[in-house]
Amino acid sequence: IIVNGQLKKGVTSKDIILYIISKLTPSGGTGFFIEYSGSTINGLTMEERMTICNMSIELGARGGLIAPDATTFEYLKDREFAPKGEDLEKKLAWWKTVYSEPYSVFDKECEFNAFVMGPMVTYGTNPGMGVSIFGRIPNGNSHFTAEESKELEKSLNYMGFNQGEKMLGKKIDYVFIGSCTNGRIEDLRLAASIIKGRKK
């Protein structure tokens, strides 16, 4: 999976992977081990990369990886269980060879433009039911199979939503901060920066 382009303000790594899942469906990665690459992926922090790789399972994939680079090596430097001294130099030399060659042939390739991604939210009951906060809940009659339309209807009934509704303006009942892949320290710092000075 290749992601290129500049992310808009407010779009995080969780939004990237939710966008991908919304396009490929929760079973889109079944039978695959996914490698993520592209300029957008290369610009992510290690924590952001971990979020994307961790959520590969939500695509149905066996796992996800991002080739090691300077960001990876800097992250590992001086960590408690990382190699030290000469041993580190040997490991670095090997780690720098662990990537897919430019002429590699993949079973499937998908490319996405980061610029079109917005902050994502799920309107239903699985991570494939994702849409930008600026978008609308899809109409199940448009491009869904009969089974998908039935699942959509069931999910929307559970959520109290309707097809075609805008996401912006919906009341937020509860916010749980720090769950699963949004439990990274940078996610908590981002949440704290928004909450700071406001009523909590």
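## Handedness of a helix pair

A helix crossing is called right-handed if the near helix is turned clockwise from the far one by less than a right angle, and left-handed if the turn is anticlockwise. In this predicted model, the crossing of α1 and α3 is right-handed.

## Overall architecture

The protein has eight helices and six strands. Read from the N terminus, the order of elements is β-α-β-α-α-β-α-α-β-β-β-α-α-α. The C-alpha trace spans about 60 × 50 × 25 Å along its principal axes.

## Packing of α1 and α3

Two packed helices are described by the angle between their axes and by the distance between those axes. For α1 and α3, which covers residues 46-54, the angle is about 25° and the axes are 8 Å apart. Angles under 35 degrees count as roughly parallel, and α1 and α3 are therefore roughly parallel to each other.

On the α1 side, the contact is made by S13, K14, I16 and I17, which meet E48, T51 and I52 of α3. By class, the residues of this contact are three nonpolar, two polar and two charged.

## The largest pocket

The volume of the largest pocket is about 1,900 Å³. Its lining is made up of 40 residues, and those closest to the pocket centre are M120, V121, V175, F176 and N182. Sorted by class, the lining contains 22 nonpolar, ten polar and eight charged residues.

Elements that each supply at least two lining residues are α1 (13-24), β5 (120-122) and α8 (185-195). The largest share, five residues, comes from α8.

Technical notes:
Residues numbered from 1 in each chain as written. Predicted model: local features only at pLDDT ≥ 70, side-chain atom pairs only at ≥ 80, totals over all residues. Heavy atoms only, no water. 1 Å grid on protein atoms, 1.4 Å probe; cavity = no way out; pocket = protein on both sides within 12 Å on 5 of 7 lines; lining within 4 Å. Points joined across faces, edges and corners; volume = space filled by probe spheres on them. Helix = DSSP H or I, 4+ residues; strand = E, 2+ residues; numbered from the N terminus. Nonpolar A, V, L, I, M, F, W, Y, C, P; charged D, E, K, R; others polar. Axes fitted to C-alpha atoms, helices over the stretch in contact; angles between N-to-C directions. Parallel < 35°, antiparallel > 145°, perpendicular 65-115°, else oblique. Contact = heavy atoms within 4.5 Å.
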